[in-house]
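The following note sets out numbered points for a colleague examining this structure. Please read each point alongside the coordinates.

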Amino acid sequence: QLSYNLHLARQLFGFSSWVTMEAFLGWLIMWGDSIVLGHFLGVKELGVYRVGVTFLMLVFGIFFNPLLPVAYSYFSRLQSNPEELRQSFLKITKLMASISLPIGFGLAVLAQPISSVVFGQKWEGIAVVIAIIGIMHSIGWLVGINPEVYRAIGRPDVNSKLLIAAVIYYIPVYVIAAPYGLLVFCLARLAVAVVSMGLHIFVSNMVLNLPFTYIGSCIK
């Protein structure tokens with residue numbers, strides 16, 4: 001028989017609305033830097049920056065992108081067992097830290113050889129992007145699994161609200177830093193990523209009842 005569950009539809013719409021907003025805000029943060037950088041520094045600097053960022057996204061994505069949907073499914077199964085959920089979250093965060101930090105700081109050390117061997121002289125300046133944004137990605141992935149656990153416990157609004165807050169200070173920082181060149185811009189991106197990680201740690205304490213020091217225990 002034909003039927004329609006209005007209550008279920010309302011729940012699905014509410015959940016998907018937050019997920020849609022999260023995707024849009026994530027896109028704005030990811031591409032807002034390029035829009036601002038291209039406006040202030042021109043096509044050449046924008047090209048160097050985007051190629052470097054794309055290279056880093058490929059490197060980190062190989063290791064972490066396949067993990068995200070699996071983690072979401074796994075956390076969803078544990079949503080009725082908060083203690084086991086927290087312990088699993090900490091274990092996965094520790095695993096990600098053991099991968100992301102060596103990759104990030106390794107890229108920072110080897111940025112100049114990578115620039116010379118992989119990209120060549122015409123991409124001069126890309127070593128700065130690989131070094132600084134590589135460290136940024138390595139730090140960012142320490143809380144990369146957090147949105148998955150928020151959605152898994154039925155709180156897709158948490159990460160969307162964090163992204164709203166991030167847009168408020170990310171975009172002005174981009175605008176202020178861009179006129180001073182690629183190096184300053186990359187350092188500014190690293191700085192706002194550190195601030196964003198601090199917000200994630202604070203929210204994790206509130207939502208998941210984790211100690212503020214949990215990241216420290218995960219990177220030991």
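1. The axes of helix 3 (residues 67–77) and helix 4 (residues 82–109) cross at roughly 165° and come within 11 Å. Axes here are lines fitted to C-alpha atoms, for helices over the stretch in contact, with angles from 0 to 180 degrees between N-to-C directions. The crossing of this pair, helix 3 and helix 4, is right-handed, that is, the near helix is turned clockwise from the far one by less than a right angle. Helices are DSSP runs of H or I with at least four residues, numbered from the N terminus.

2. The model is predicted: local features need pLDDT of at least 70 and side-chain atom pairs count only at pLDDT 80 or more, whereas totals for chains, interfaces and linings use all residues. Residues are numbered from 1 along each chain as its sequence is written, and side-chain values use heavy atoms, with hydrogens and water left out.

3. For helix 1 and helix 2 (residues 43–64), the axes come within 7 Å and cross at roughly 155°. Helix 1 is therefore roughly antiparallel to helix 2. The crossing of helix 1 and helix 2 is right-handed.

4. How many salt bridges does a search of the whole structure find? The search finds seven, a salt bridge being a side-chain nitrogen of Lys or Arg within 4 Å of a carboxyl oxygen of Asp or Glu. Arg50 and Asp33 form one of them, with the closest N and O atoms 3.9 Å apart. This pair links distant parts of the chain, with Arg50 in helix 2 and Asp33 in helix 1, 17 residues apart. Arg50 counts as buried because its relative accessibility is 13%, and Asp33 counts as buried at 0%; buried means under 20% relative accessible area, exposed over 50%, and partly exposed in between (1.4 Å probe, protein chains only).

5. Asp33 also forms a salt bridge with Arg189, where the closest N and O atoms are 2.8 Å apart. Here the link runs from Asp33 in helix 1 to Arg189 in helix 9, 156 residues apart. Both Asp33 and Arg189 are buried.

6. Within helix 7 (residues 146–152), Glu148 and Arg151 lie three residues apart, about one turn of the helix. They form a salt bridge with closest N and O atoms 2.6 Å apart, and both Glu148 and Arg151 are buried. Salt bridges that share partners join Glu22, Glu148 and Arg151 into one network.

7. A nonpolar surface patch of about 440 Å² is made by Phe24, Trp27, Met30 and Trp31. Patch residues have over 30% relative accessible area and no salt bridge; nonpolar side chains (Val, Leu, Ile, Met, Phe, Trp, Tyr) are joined within 5 Å, and like charges within 9 Å. Accessible areas come from the Shrake-Rupley method with a 1.4 Å probe, and for residues only the protein chains shown count as cover. Trp31 lies in helix 1 (residues 6–41) and counts as partly exposed because its relative accessibility is 37%.

8. Most residues other than glycine have a negative phi. Asn209 is not a glycine, yet has a positive phi of about 60°. Asn209 lies in the loop between helix 9 (182–207) and helix 10 (214–218) and is exposed, with a relative accessible area of 56%.

Key
Helices (H or I, at least four residues) and strands (E, at least two) are DSSP runs, numbered from the N terminus. Angles under 35 degrees count as roughly parallel, over 145 as roughly antiparallel, 65 to 115 as roughly perpendicular and the rest as oblique.
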